[in-house]
Amino acid sequence: MPSPLYSGAALIHMAAIGENPALGLEYYEALQANRTEAQGGNGGVFNAVASGTKPYGIVVDFLPIREAAKGSPVAFVFPEEGVSAVTEPVAIMQEAENLDAAQKFVDFVLSQQGQELVSQQGYLPAHTDVAPPAGFPERSTINLMPVDIEQALEQEETLKQRFNDLFGG
């Protein structure tokens, strides 16, 4: 599995698991007891599964779904308990020198045309009128676990320390 010490998506996932009353952070203790290995980010996890080094892994959805559509011998399963939502944010920095161009870029990314490009790149688009990429289920079938992002940010160091205590750095 990816490590929240290196992956923001893994940190968001750990926070969502921690907030889930049916799982809690005890889930990570169970993973550790089952000898789950943590390694860097999602790419390393995907590569270990795709190469056959590991039989399965915990990984962001778009990697195995996108690569399976290209012929990689992997499959992604959306857990019944739910998944954490990890966004690909777009923003304008306060110090931006060309606000007009920055606003036009944000407007494009959020437009139907921009979201179609997002889907073509293998990501689940935010725009509900844009079809998901090949291999993704319908949005309505994906069970999202709630996560309080502000709380996750406040607990970042605590979550990372708990993970490090269980799996090492």
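This is a predicted model: local features need pLDDT of at least 70, side-chain atom pairs count only at pLDDT 80 or more; totals for chains, interfaces and linings use all residues.
View 1. Lys104 counts as exposed, at 54% relative accessibility.

**View 2. Arg162 and Glu29 pair up in a salt bridge**. Here the closest N and O atoms are 2.2 Å apart. The pair links distant parts of the chain: Arg162 belongs to helix H8 and Glu29 to helix H2, 133 residues apart. Both partners are partly exposed, Arg162 at 27% and Glu29 at 33% relative accessibility.

**View 3. Glu37 and Lys54 form a salt bridge between two loops**. Glu37 lies in the loop between H2 and H3, and Lys54 in the loop between H3 and H4, so the contact ties together parts 17 residues apart in sequence. The N to O distance is 3.2 Å.

**View 4. Here's the largest nonpolar core, with 15 residues**. Met1, Met14, Tyr28, Leu159, Phe163 and Phe167 have the most contacts inside it. Helices H1, H2 and H8 each give two or more residues, and H1 provides the largest share, five. Tyr28 touches Met1, Met14 and Phe163, among others. Another core, of 10 residues, lies apart and includes Val45 and Phe136.

**View 5. Val90, Phe105 and Leu110 make a nonpolar patch on the surface**. Together they have about 270 Å² of accessible area. Val90 sits in the loop between H4 and H5.

Notes:
Residues are numbered from 1 along each chain as its sequence is written. Side-chain values use heavy atoms; hydrogens and water are left out. Patches are made of residues with over 30% relative accessible area and no salt bridge: like charges are joined within 9 Å, nonpolar side chains (Val, Leu, Ile, Met, Phe, Trp, Tyr) within 5 Å. Accessible areas come from the Shrake-Rupley method with a 1.4 Å probe; for residues, only the protein chains shown count as cover. A salt bridge is a side-chain nitrogen of Lys or Arg within 4 Å of a carboxyl oxygen of Asp or Glu. Helices (H or I, at least four residues) and strands (E, at least two) are DSSP runs, numbered from the N terminus. A nonpolar core is a set of buried Ala, Val, Leu, Ile, Met, Phe, Trp, Tyr and Cys residues joined through side-chain atoms within 4.5 Å. Buried means under 20% relative accessible area, exposed over 50%, partly exposed in between (1.4 Å probe, protein chains only). Contact means heavy atoms within 4.5 Å. Lists of a residue's contacts leave out its neighbours within four places in sequence.
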